[in-house]
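Student: Please show me the structure. I would like to go through the ligand surroundings and the helix packing.

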Amino acid sequence: MAAPLSYLGVGLDRPRVGVFEFTSCEGCQLQLVNNEATLLDFLNLIELVNFREAMSERSDDYDIALVEGSISRADEVARLKEIRTNARLLVALGSCACFGGVNQLKNRFGDLDWVKKKVYGDFPIASQEVRPLADFVAVDLMIYGCPPKKEEIEKVVTNLVVGKKVAMPKYPVCMECKANENICLFTLGEPCLGPITRAGCDAWCPNHRRGCWGCRGPAEAANVRELEAIMARHGFSREAMLDRLECFGGFSSQVAALRGQPRRPRKARSSKRS
Ligand code: SF4
Ligand code: SF4
Ligand code: SF4
């Protein structure tokens, strides 16, 4: 008898899915439940067994873990490792999970105790340097964005269920922006990271006359030096560019190179299957 079909270790039946969050605003999870037009069809494809934001049942028996949020406390590390042990496929959902997201902005301050004091005053809060999931466990797939497009989350999960390849765009946001026939924001006097940022959001921000802040991280072969030249031609400083590059954490290695800082070593990376 032929072996049951599977993709990335997940059987092509209705996979059991758990949705989890760490340090986050829960906006990525909201994208999942905020798609009324297709939600019921989507739920027919999977069996949700653990999703604190949407249901009261809890199960540790799941095939796919969609994990939102970055890691900023010691107890989160232990819980993340437990989820990794339970799941056959762990998906980092959103910029916080993939790169640290907006939470990692606090890492820019050298003295994290000072930050804690400023934010929480005299309340004792256990908080440490913010790190992405892949610094602690193997991550099989990343769904980029802050938040990711809900259509993209559904597409990735659907592909997993039906056994189709999951492929993220490698080209930059500019390609989608041009296809949408937007006027380039640089000509309107607004900086934009579209030339170096991974597409897949359909140029969400430029479509609404907002410059890209790079929430999906770098496109393949992102040329930051060339972006710096474009910025300079339009009167924007290197600091203005760095300010955007640092916002979501996806460009941390490029920022370190520009600032002449050593690159931070990663503890664990990408797929447990690699
Ligand atoms: S990636 Fe953005 S939307 Fe998702 S949890 Fe983080 S801050 Fe919220
Ligand atoms: S607005 Fe941004 S994304 Fe659009 S073409 Fe200009 S630089 Fe590229
Ligand atoms: S345009 Fe840039 S900042 Fe906006 S959603 Fe797309 S990748 Fe993120």
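**Ligand shells and a helix pair**

Tutor: In this predicted model, 14 residues surround ligand 2, and the closest are Cys 174, Cys 177, Cys 184, Cys 192 and Gly 194.

Student: Which helix gives the largest share of the shell around ligand 2?

Tutor: The shell around ligand 2 has 11 nonpolar, 2 polar and 1 charged residues. The largest share, 4 residues, comes from residues 173-179, helix H7.

Student: Which residues come nearest to ligand 3?

Tutor: Around ligand 3 there are 13 residues. Helix H8 (residues 204-207) supplies the largest share of them, 3 residues. Those that come nearest are Cys 201, Trp 204, Cys 205, Cys 212 and Cys 215.

Student: How many residues of the shell around ligand 3 are nonpolar, polar and charged?

Tutor: The class count covers the shell of 13 residues. It divides into 9 nonpolar, 3 polar and 1 charged.

Student: Are H2 and H6 roughly parallel or roughly antiparallel?

Tutor: Helix H2 (residues 36-45) packs with helix H6 (residues 150-162) at about 30 degrees, the axes being 10 Å apart. Angles under 35 degrees count as roughly parallel. H2 and H6 are therefore roughly parallel.

Student: Is the crossing of H2 and H6 left-handed or right-handed, and which residues make the contact?

Tutor: The crossing is left-handed. By class, the contact has 4 nonpolar, 2 polar and 1 charged residues. From H6 come Glu 154, Val 157, Thr 158 and Val 161, and from H2 come Thr 38, Phe 42 and Leu 45.

Key: Residues numbered from 1 in each chain as written. Chains lettered and ligands numbered in written order. Predicted model: local features only at pLDDT ≥ 70, side-chain atom pairs only at ≥ 80, totals over all residues. Near = placed C-beta within 6 Å. Helix = DSSP H or I, 4+ residues; strand = E, 2+ residues; numbered from the N terminus. Nonpolar A, V, L, I, M, F, W, Y, C, P; charged D, E, K, R; others polar. Axes fitted to C-alpha atoms, helices over the stretch in contact; angles between N-to-C directions. Parallel < 35°, antiparallel > 145°, perpendicular 65-115°, else oblique. Left-handed = near helix turned anticlockwise from the far one by under 90°. Contact = placed C-beta atoms within 7 Å.
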